[in-house]
Amino acid sequence: MKVCFVAGTLGRGGAERQLLFMLRALKDEGIDSKLLCLTSGEAFEAEVRELGIDVEWVGSSSNRIVRLVRIIRAVKAYGADIVQSAHFYTNLYVALAGRVLNTPDIGAIRNDLSSELGADSVFGKWQFRLPRQFIANSEQAKAKAIAMDQRGRKIELVRNVVELPAEPTDRSTVEGYAARILFVGRLVQQKRPEVFIELARRLVDGLPDFDLSFDVVGEGPLRAVLEKLRDDSGAAGRKIRFLGEQAEMSGIYRQSDILVLTSGFEG
């Protein structure tokens with residue numbers, strides 16, 4: 001069996017990490033995979049190639065028709081038995097390629113579906129209408145998809161994954177009221193990282209006897225704004241670290257006490 005995936009990006013995010021795990025799982029089962037991506041040279045591309053999986057750039061043109069033709073040609077040349085989307089906004093390419101080549105297609109539903117539909121007012125409804133089956137990453141997304149679907153399509157749930165080592169990493173015991181508090185995510189409006197900076201300020205000001213530290217893992221367009229907020233946060237600012245993108249997260253999770261989710265919406 002051969003599975004051809006189509007991804008919009010390979011930057012560090014939940015959908016992209018999920019894709020990496022899927023590719024690894026398929027390889028472990030002896031199933032061949034190929035990845036077509038609209039972007040090139042991003043963080044996860046090297047990790048995909050390390051699995052021995054071919055990554056082909058199909059996004060050199062911004063024209064959707066040109067991209068679709070390239071995707072159809074690539075899927076046909078590969079001889080895929082299944083073509084699968086890694087992002088909601090690539091569902092249309094996958095569904096049309098499946099129709100043209102008479103190949104089973106699988107669409108992706110991320111977040112809560114409503115936000116995905118709202119993010120693309122022109123093509124959003126077709127990203128949902130055209131795929132013949134779906135994989136959703138949350139119960140909420142699956143439930144909404146079933147409620148909106150009038151064709152009885154197959155909608156499977158595959159949750160997001162976090163890789164942890166088999167054995168916990170060593171961690172020294174700190175006496176007293178100490179806690180390491182963690183934010184992980186892209187530094188974009190949806191994730192509301194500024195709330196985490198404000199949380200740090202309030203906790204440090206309100207709990208002066210506690211030994212608190214705050215780590216921000218991730219990159220994005222809001223970083224400069226967040227660093228300014230940190231610098232203006234007085235004593236709290238000295239306890240906030242920006243760690244940028246991290247390829248290996250398991251140790252960071254193990255060494256933290258509290259993981260804070262500040263997103264406005266998620267799957």
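Strands S1 (residues 2-7) and S2 run parallel and are joined by 6 bridges. The model is predicted. Cys4 has Lys34 of S2 as its bridge partner. S2 spans residues 32-37 and is mostly covered, with 5 of its 6 residues buried.

S2 and S3 (residues 54-57) pair in the parallel sense. In that pairing Cys37 stands opposite Trp57 of S3.

| Strand pair | Sense | Bridges |
|---|---|---|
| S1 (residues 2-7) and S2 | parallel | 6 bridges |
| S2 and S3 (residues 54-57) | parallel | 4 bridges |
| S8 (residues 178-184) and S11 | parallel | 2 bridges |

Now the open sheet. It has 4 strands in the order S10-S9-S8-S11, with parallel pairing. Which strands stand at the edges? They are S10 (240-244) and S11 (258-259). Each has a single partner strand, so one side of each is left without a neighbour in the sheet. For S11, pairing with S8 rests on 2 bridges. Leu182 stands opposite Leu259 in S11.

Methods. Residues numbered from 1 in each chain as written. Predicted model: local features only at pLDDT ≥ 70, side-chain atom pairs only at ≥ 80, totals over all residues. Heavy atoms only, no water. Buried < 20%, exposed > 50% of the residue type's maximum accessible area, 1.4 Å probe, protein only. Pairing = 2+ DSSP bridges.
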